Amino acid sequence: MSVSEITIRAAVVQDVLQLRDLSRSTFYETYADQNTADDIRMHMQQTFSIEKLTSEIEDPGNAFFIAAMGDKMIGYAKLRTSKPLPKAPATPAIELERIYVAKASQGLKAGDALMHECIEYGKKNGYEMLWLGVWERNQRAISFYEKWGFVISGKQTFTLGTDPQNDFVMTKKL
């Protein structure tokens with residue numbers, strides 16, 4: 001399989017069931033072995049419900065992109081404009097809130113294709129900065145973001161279930 005077989009498209013409400021399943025499975029694959037089952041379950045119930053994902057897809061302040069091979073969804077990214085860059089001047093910035101690829105599809109460059117789409121979306125829509133929060137213990141993700149030119153520019157707290165965790169804030173000029 002090659003990058004040319006991966007397509008990137010905007011998510012639509014009809015994707016919500018498949019997106020929910022992919023969101024839950026990729027989140028679980030990424031974090032379950034380092035967090036309690038209760039915290040993982042609580043986060044997934046709060047974040048990846050059909051109702052919440054439908055609302056997020058329909059919200060014009062969000063942009064979801066799907067990475068697919070044929071009709072199989074293998075990854076996704078979510079951008080949102082509603083959360084400003086923490087402790088930053090009034091730079092037009094957009095947040096890369098989520099980017100995940102199914103473990104079985106990692107290595108196929110779907111993450112690269114999604115990141116490219118997010119960067120192009122930001123540029124096309126007049127943003128000067130792309131930013132994200134990443135768990136300080138997720139070295140694989142940090143390395144991926146650094147490869148794309150992101151730098152650590154601060155910290156923030158992300159509460160997973162009931163567990164407050166330290167995230168790095170990473171930024172990239174567009």
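In which sense do β5 and strand β7 pair, and over how many bridges? They pair in the antiparallel sense, over seven bridges, with β7 spanning residues 163-173. Bear in mind that this is a predicted model, where local features need pLDDT of at least 70, side-chain atom pairs count only at pLDDT 80 or more, and totals for chains, interfaces and linings use all residues. Residues are numbered from 1 along each chain as its sequence is written, and side-chain values use heavy atoms, with hydrogens and water left out.

**The sheet**

- Seven strands make up an open sheet with mixed pairing, in the order β1-β2-β3-β4-β5-β7-β6; two strands pair if DSSP finds at least two bridges between them.
- Helices (H or I, at least four residues) and strands (E, at least two) are DSSP runs, numbered from the N terminus.
- The edge strands, each pairing on one side only, are β1 (6-10) and β6 (151-160).
- On average, neighbouring strands of this sheet are turned by 30° against each other, direction ignored. Axes here are lines fitted to C-alpha atoms, for helices over the stretch in contact, and angles run from 0 to 180 degrees between N-to-C directions.

**Around β5**

- Strand β5 (residues 129-135) is mostly covered, with six of its seven residues buried (under 20% relative accessible area; exposed is over 50%, partly exposed in between, with a 1.4 Å probe and protein chains only).
- β5 pairs with strand β4 (residues 93-101) in the parallel sense over three bridges, and I94 stands opposite L130 in β5.
- Getting from β4 to β5, the chain runs through helix α4 (residues 110-124) in a right-handed β-α-β crossover: with the strands pointing away from the viewer, the path from the first strand over the helix to the second runs clockwise.
- Over in β7, T171 is the bridge partner of W131.

**Helix α4 and its partner**

- The axes of α4 and helix α5 (residues 139-147) come within 11 Å and cross at roughly 50°.
- α4 and α5 are therefore oblique to each other (angles under 35 degrees count as roughly parallel, over 145 as roughly antiparallel, 65 to 115 as roughly perpendicular and the rest as oblique).
- G111, D112 and M115 of α4 make the contact with F144, Y145 and K147 of α5, contact meaning heavy atoms within 4.5 Å.

- K109 sits in the loop between β4 and α4 and has a positive phi of about 75° although it is not a glycine.
- Most residues other than glycine have a negative phi.
- K109 is partly exposed, at a relative accessible area of 44%.
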